[in-house]
Amino acid sequence: MTFAFYLGAGNIIFPPLAGFMAGEHLLAAMCGFLLTAVGLPLITLIAVAKGSSGGGASGWTGMTRYLPAGAATALAIAIYIIMGPAFAIPRTGLVAYEMGLKPWLGDAGHVGLLIYTLSFFALVILVALDRGKLLDAVGKYLTPALMAMLLILAVGVFMTPQGIMPDASAEYIDAALTKGMLEGYNTMDTLASLMFGALIIGLLRQKGIEDYRSQFKYLTIAGLISAVGLSAVYVSLFQLGNSAGGVASDISNGGAIVNAYVLSLFGQPGQFILAAIITLACFRLCPNYVLHGAPQRLMQTCFDIYAFS
């Protein structure tokens, strides 16, 4: 479950582009990326678990118990806004367009992107208001399907590379490690870990696990499992980008590189399956953020902060 939390749009589109631009400095860029896209989120999860020992407080409330209640609340609100309407949710619409529609209809320009985005989020609103079980039912099969597709893609990347290594470009020529660290942080998983950790603590309590030691143990184990899974995904996607020279003509973003590589490796059926899975994954994230995540949890977090203070 924790691994599925992290596997979003940015986790799939950033590594291929970084791998392509890193060229011969692949190892340095990849290490920097893993440090901030895997290492920092893992440390943050452990910090949330550690915060559960904060004198009766848990999760975010325990972590911020030495801050003024107003500062802790402002920080929580800022994180939830960044993880939702400011960055993460708009990115789902863009990635769905880049990987779900653009490969088939071509670049429709800003007007086409606007029409697609309005239609995409109109459907999101309808599904969110419906409060049905459709998304939950799709989610039971969607994440395993995405994981299976990424696993098949990883095997294909290492067994039958489709292109050659491009030359390093941009900041990757002289500062590959630093650039990789910045790109890894752009996945926003470090900020997301603050929400995910609190969510998992709540789920553990629902299952009757109330004592701090057990919560710390299980949350740490979940973090380690997700870290291993994410590392495997990132390494394979970095290698994909690093062997896409001569395959991808459009290198404006990682989604275009993945689409070109999948088309070369599996043909149009593989590209269609990938586009469908990515689109559904992006679509599912938005109403879930509304119905099962951010607003309710933000209100509960603010209430807990002031109740504890």
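Are Tyr97 and Tyr116 buried or exposed? In this predicted model, both Tyr97 and Tyr116 are buried, and the two residues belong to a cluster of rings that also takes in Phe120 and Phe121.

**Aromatic pairs**

- The structure contains 5 aromatic pairs, and one of them joins Tyr97 to Tyr116 in a tilted arrangement, with 5.6 Å from centre to centre and 55° between the planes.
- Because Tyr97 lies in helix H6 (residues 88–105) and Tyr116 lies in helix H7 (residues 109–130), this pair ties together parts that are 19 residues apart in sequence.
- Phe120 and Phe121 form an aromatic pair that is edge-to-face, with their centres 5.0 Å apart and an angle of 85° between the planes.
- Phe120 has a relative accessible area of 5% and is therefore buried, given that buried means under 20%.
- Phe121 has a relative accessible area of 22%, and so it counts as partly exposed.
- Through ring pairs, Tyr97, Tyr116, Phe120 and Phe121 are linked into a cluster.

**How helices H5 and H10 pack**

- Two packed helices are described by the angle between their axes together with the distance between those axes.
- Helix H5 (residues 69–86) packs with helix H10 (residues 189–206) at an angle of about 110°, and their axes are 10 Å apart.
- Angles of 65 to 115 degrees count as roughly perpendicular, and H5 and H10 are therefore roughly perpendicular to each other.
- The crossing in which H5 passes H10 is left-handed, and the contact is made by Ile79, Tyr80, Ile82 and Met83 on the H5 side and by Leu191, Ala192, Leu194 and Met195 on the H10 side.
- Sorted by class, the residues in this contact of H5 with H10 are 8 nonpolar, with no polar and no charged residues.

**How helices H2 and H3 pack**

- Helix H2 (residues 9–22) and helix H3 (residues 26–51) have axes that lie 8 Å apart, and the two helices pack at an angle of about 150°.
- Since angles over 145 degrees count as roughly antiparallel, H2 and H3 are therefore described as roughly antiparallel to each other.
- H2 and H3 meet in a right-handed crossing, where Phe14, Pro15, Gly19 and Ala22 of H2 come into contact with Leu26, Ala29 and Phe33 of H3.
- The contact of H2 with H3 is made up of 6 nonpolar residues and 1 polar residue, with no charged residues.

Conventions:
Residues numbered from 1 in each chain as written. Predicted model: local features only at pLDDT ≥ 70, side-chain atom pairs only at ≥ 80, totals over all residues. Heavy atoms only, no water. Axes fitted to C-alpha atoms, helices over the stretch in contact; angles between N-to-C directions. Helix = DSSP H or I, 4+ residues; strand = E, 2+ residues; numbered from the N terminus. Parallel < 35°, antiparallel > 145°, perpendicular 65-115°, else oblique. Left-handed = near helix turned anticlockwise from the far one by under 90°. Contact = heavy atoms within 4.5 Å. Nonpolar A, V, L, I, M, F, W, Y, C, P; charged D, E, K, R; others polar. Phe/Tyr/Trp six-rings, centres within 6.5 Å; stacked < 30°, edge-to-face > 60°. Buried < 20%, exposed > 50% of the residue type's maximum accessible area, 1.4 Å probe, protein only.
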